[in-house]
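Here's a quick briefing to read with the model open beside you. It goes from the overall fold to the core, and then to a few individual residues.

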Amino acid sequence: REQIQKDRNTIWACVNSNQKLINGQNVKLRLLEPVETGGIVFPLNSIVTGITQIQGERLHIFISSLEHEGIIIPVQLSAYDTDGQQGLFIPGSIEVNAVKEITAAMGRDAGTSINITQGTTAGQQLAADVGRSFIQGTSQYISKKIQTTKVTLKARHKLLLMPGI
């Protein structure tokens, strides 16, 4: 019988397999030690599922329930990286957020600096409208692409699960 660790407030786990994730998707984790909760022992290598949330340079993972042989046990677990900070460190996401803000400003401000004077011809008006639509369409497209930014987690990346969200 495996010994259950009781003198720590964390549980060792790892990313189960290479996974490409977007904000709000499920992530599969594997327990690196047995865990007892709700009167049930989850053995070493049990698979648990968390929900992801990208904030700054961290990928937060929250686990709200565990399943074992048809039994659902409500829990409140958060993932911590091995640096002791909540969420997994994902470098480069601050740049993504900066581009997102710039893109949003582009869409909001598109066309506001185009002045059409009384002497404008129909062709000039059409060109201005097409330009404005192109800028708005491009910024909306980029904004949607950024919202679906993918984060790649490598298999066996170690992390700690801690009670409390």
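**Overall layout**

The protein chain has 2 helices and 11 strands; both kinds of element are DSSP runs numbered from the N terminus, with helices being H or I of at least four residues and strands E of at least two. This is a predicted model, in which local features need pLDDT of at least 70 and side-chain atom pairs count only at pLDDT 80 or more, while totals for chains, interfaces and linings use all residues. Residues are numbered from 1 along each chain as its sequence is written, and side-chain values use heavy atoms, with hydrogens and water left out.

- Going along the sequence, the pattern reads β-β-β-β-β-β-β-β-β-α-α-β-β.
- Of the 165 residues, 30% count as buried; buried means under 20% relative accessible area, exposed over 50%, and partly exposed in between (1.4 Å probe, protein chains only).
- The chain's accessible surface is about 10,300 Å², and carbon and sulfur atoms account for 53% of that; such areas come from the Shrake-Rupley method with a 1.4 Å probe, and for residues only the protein chains shown count as cover.
- Take the contacts between residues at least 6 apart in sequence: 63% of them join residues at least 24 apart. Contact here means heavy atoms within 4.5 Å.

**The nonpolar core**

- The largest nonpolar core has 25 residues, and Leu 29, Ile 63, Leu 153, Leu 159 and Leu 161 touch the most other members. A core of this kind is a set of buried Ala, Val, Leu, Ile, Met, Phe, Trp, Tyr and Cys residues joined through side-chain atoms within 4.5 Å.
- Which elements give two or more residues to this core? They are β1 (11–15), β3 (26–31), β5 (40–42), β7 (58–68), β8 (71–80), β10 (151–153) and β11 (158–163).
- As background, nonpolar side chains in soluble globular proteins tend to be buried together.
- Leaving out residues up to four places away in sequence, Leu 29 touches Cys 14, Val 15, Asn 16, Ser 46, Ile 47, Val 48, Ile 61, Ile 63, Leu 159 and Leu 161.

- Glu 33 sits in the loop between β3 and β4 (35–37). Is Glu 33 buried or exposed? Glu 33 counts as buried because its relative accessibility is 12%.
- The side chains of Glu 33 and Arg 8 are joined by a polar contact of 2.4 Å. That term covers a pair of N or O atoms within 3.5 Å; within protein, one must be able to donate a hydrogen and the other to accept it, and residues adjacent in sequence count only if both atoms are side-chain atoms.
- A polar atom of the Glu 33 side chain also lies 2.6 Å from the backbone nitrogen of Trp 12.
- The charged end of Lys 158 sits over the Trp 12 ring, 5.3 Å from its centre; the cut-offs are NZ of Lys or CZ of Arg within 6 Å of the ring centre and within 35 degrees of the ring normal.

- Ile 71 is in strand β8 and is partly exposed, at 42% relative accessible area. Apart from neighbours within four places in sequence, Ile 71 contacts Ile 40 and Leu 66.
- Ile 71 and Ile 40 are 31 residues apart in sequence, with 9.2 Å between their C-alpha atoms.
- Most residues other than glycine have a negative phi.
- Asn 45, in the loop between β5 and β6 (47–55), has a positive phi of about 75 degrees and is partly exposed at 41% relative accessibility.
- Glu 69, in the loop between β7 and β8, has a positive phi of about 50 degrees and counts as exposed at 69%.
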